[in-house]
Amino acid sequence: MRIFFFALSLLITAPIWAQIPDGLWLTPCQHGLQRKQVYKDALSTTTEFFHHEANCHDLALSFTTIGPVHFNLDIANPHFIEFTYDSIALTLHKQSLVDNFNQRQVCGIQNWQIHQPQLITGLQCALFTSDSVVQVPHVGQRRYGIYEIVGPHLYYGQLTQKTDGSSVERRPTEFNRSI
């Protein structure tokens, strides 16, 4: 009888546990952007690769974001995900970008080097134009989202101005299946 209940409990809980995306996830090149994510032991490492060309052959810069991640295993909300920022690093892969970033002192940093990551967590940075400063997330800042695994694909919530993931109330409700 115990074996029956054990087998039944595996059948009931397996679909929920199977939805934890441990491992390596890659997105194909799309408009010059590729993403590589590794989930292991409740830690997420995501690297976004930005290329000069739409076919992803000319790498310009990359962001690497690291932090703990929590996947909700509650049957009522099985697709909820919460991420906490530990670090964000920016790596420049073109000398012309290094020269530009050093001249503009992007993020207040004046010693950018090619292929050398710079921690930018919590800084204010004019990454793409000098008149457009963005606040990079701080250590400990959280993001709230949704996720779903369909076959070999991992999908996240569609971010909008109203559902930007900055709070539980602003958690996305629709999936972005374009990536």
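C107 is buried (under 20% relative accessible area, with over 50% being exposed and anything in between partly exposed, for a 1.4 Å probe and protein chains only), at a relative accessible area of 9%. This is a predicted model, where local features need pLDDT of at least 70, side-chain atom pairs count only at pLDDT 80 or more, and totals for chains, interfaces and linings use all residues. Residues are numbered from 1 along each chain as its sequence is written, and side-chain values use heavy atoms, with hydrogens and water left out.

C107 is bonded to C125 in a disulfide (a pair of cysteine sulfur atoms within 2.5 Å), with an S to S distance of 2.0 Å. The S-S torsion comes out at about 125°, so this disulfide is right-handed. C107 sits in the loop between α2 (95-104) and β7 (118-119), while C125 belongs to strand β8 (residues 124-125), so the bond ties together parts 18 residues apart in sequence. Helices (H or I, at least four residues) and strands (E, at least two) are DSSP runs here, numbered from the N terminus. As for C125, its relative accessibility is 0%, so it counts as buried.

That bond is one of two disulfides in the structure. C29 and C56 are also joined, S to S 2.1 Å. Here the torsion about the S-S bond is about 85°, so the C29 to C56 disulfide is right-handed. With C29 in the loop between β1 (23-26) and β2 (33-40), and C56 in the loop between β3 (43-51) and β4 (59-71), the pair links parts 27 residues apart in sequence. C29 is partly exposed at 30% relative accessible area, whereas C56 is buried at 11%. Counting bonded cysteines along the chain, the pattern reads 1-2, 3-4.

Turning to the strands, β6 (residues 87-92) has six of its six residues buried, so the rest of the structure largely encloses it. S87, A89 and T91 point one way from β6, and I88, L90 and L92 point the other way. β6 pairs with β4 in the antiparallel sense over six bridges, where pairing takes at least two DSSP bridges between two strands. In that pairing, I88 of β6 is the bridge partner of T65. β6 also pairs with β7, again antiparallel, over two bridges, and L90 stands opposite Q118 in β7.

Over in strand β2 there is R35, which is buried at a relative accessible area of 17%. The R35 side chain makes a polar contact with the side chain of E48 at 2.8 Å. Such a contact is a pair of N or O atoms within 3.5 Å; within protein, one must be able to donate a hydrogen and the other to accept it, and residues adjacent in sequence count only if both atoms are side-chain atoms.
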